[in-house]
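Subject: Structure handover

Hi,

Here is the structure for you to look over. My notes on what turned up follow below it.

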Amino acid sequence: MSEQTYSEGDLRNTGMSLKHDREWDYELDRIVTAVEERDAEKVGLQFPEGLKRRGPRVADDLRELVDDDVTIMLSGQPCYGACDLDTFLMRRTDVFVHFGHSPMKESEKIIYVPLFSNVDVLPIMEEAEEKLADPEDDPEVGLVTTAQHMNRFDDMADWLEDRGYEVQTRRGDERLTHEGQVLGCNYASADVPADQVLYVGGGKFHPLGLAMEHPDKKVVIGDPVNNVVTIADTEKFLKQRYATVHKAMDAETWGVIFCTKIGQGRMDQAEKILDENENAYLITMDEVTPDRLRNFGFDAFVNTGCPRITTDDGPQFHKPLLTPGEYEIAVGNKPLDELSFDTFHGTW
């Protein structure tokens with residue numbers, strides 16, 4: 001099998017290898033209490049992709065703490081966010097635990113364990129300060145982070161204020177749990193007046209999306225896991241997306257994807273495209289992958305589900321895969337310079 005290659009704009013290339021081990025608090029006591037209170041016989045555990053290998057160890061620890069007749073089940077379904085719940089397993093268990101993300105939708109059925117990171121964020125903030133404007137010249141700075149570092153958010157804000165900055169934070173919308181939190185599909189917490197935003201967290205996908213949605217802001221990335229400070233640069237991403245849109249401009253038939261995952265469905269957008277384009281056809285699916293679309297004969301596809309599928313995996317699809325906004329450009333409804341990052345706003 002030939003080695004898989006990715007385009008320059010594929011956001012997979014913007015990640016960085018892990019340089020620090022992390023320890024997590026799996027909140028086993030809270031899970032055990034729920035098992036006892038509900039007299040549970042079946043417990044479901046769902047982990048995000050990067051933590052699935054931790055699942056068996058957590059299951060072993062739980063078995064030591066609950067009765068022998070309690071069955072522990074691990075979800076094998078893909079999981080990329082709090083919007084990506086294994087509803088099949090959830091319906092068949094008495095206690096369902098979702099690890100790695102903060103609640104997007106409150107439910108008595110679901111126990112969310114956010115898995116806060118133990119990595120100290122202050123050293124990387126000291127390095128990131130060099131990329132920020134001097135507080136005497138421009139004291140205003142927005143501050144955002146991911147769910148894994150929300151346990152240190154107040155410390156981050158205090159640290160910046162001690163150095164003379166006026167920290168601007170907000171809770172975005174109903175899709176976000178915490179003030180200052182960003183998701184891979186939602187950067188509303190960065191909608192502050194400051195011209196510069198400090199993102200404290202791993203990887204570059206979140207700050208790239210933030211920079212795309214707020215092109216007027218300088219986005220400084222402080223990655224405390226890898227000890228790396230960079231400035232969000234959207235150039236490669238934009239080149240890849242422009243190229244994909246151009247490829248789709250000659251498309252005559254379109255497959256419009258509606259994702260059936262509980263937190264990713266945008267039927268209103270799918271229906272709008274279908275109403276306006278007689279050569280568009282609705283495809284419903286839970287997991288959008290290149291193999292699943294290969295047997296369709298459409299010239300191009302529009303993904304109304306998770307935008308990360310389009311940006312991360314788009315180059316691997318056999319035909320152009322566009323976001324709803326990119327589709328509007330490809331069919332001539334909007335000019336090319338209105339290309340923007342696809343985001344989810346509001347609740348599901």
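Four strands make an open sheet, ordered E2-E1-E3-E4, with parallel pairing. Helices (H or I, at least four residues) and strands (E, at least two) are DSSP runs, numbered from the N terminus. Two strands count as paired if DSSP finds at least two bridges between them. E2 and strand E4 (110-113) are the edge strands, and each pairs on one side only. On average, neighbouring strands in this sheet are turned by 20 degrees against each other, direction ignored.

Strand E1 (residues 42-46) pairs with E2 in the parallel sense, over 4 bridges. Gly44 has Met73 in E2 as its bridge partner. Two helices pack on this sheet. Helix H1 (residues 28-37) touches E1, strand E3 (95-99) and E4, and its direction makes about 170 degrees with that of E4. Helix H2 (residues 55-63) touches E1, E2 and E3, and its direction makes about 170 degrees with that of E2. Contact here means heavy atoms within 4.5 Å. Axes are lines fitted to C-alpha atoms, for helices over the stretch in contact; angles run from 0 to 180 degrees between N-to-C directions.

This is a predicted model, where local features need pLDDT of at least 70 and side-chain atom pairs count only at pLDDT 80 or more, while totals for chains, interfaces and linings use all residues. Residues are numbered from 1 along each chain as its sequence is written, and side-chain values use heavy atoms, leaving out hydrogens and water.

Now the other sheet. Its 4 strands are also parallel and form an open sheet in the order E11-E10-E12-E13. Strand E11 (280-285) and strand E13 (321-322) are its edges, each pairing on one side only. Strand E10 (residues 254-259) is joined to E11 by 6 bridges. Phe258 finds its bridge partner in Thr284 of E11. Helix H8 (residues 267-276) packs here, touching E10, E11 and strand E12 (300-303), and its direction makes about 155 degrees with that of E11.

On salt bridges (a side-chain nitrogen of Lys or Arg within 4 Å of a carboxyl oxygen of Asp or Glu), the whole structure has 13. One joins Asp84 and Lys261 at 2.8 Å, N to O. Asp84 sits in the loop between E2 and helix H3 (87-91), and Lys261 in the loop between E10 and H8, 177 residues apart.

Last, the second largest pocket. A pocket is an open set of points on a 1 Å grid over the protein atoms alone, where a 1.4 Å probe fits, with protein on both sides within 12 Å along at least five of seven lines; lining residues have an atom within 4 Å of a point. This one is lined by 16 residues, with Pro324, Gly325, Glu326, Glu328 and Lys334 nearest its centre. Helix H11 (324-330) and H8 each give two or more lining residues. H11 has the largest share, 5 residues.

Best wishes
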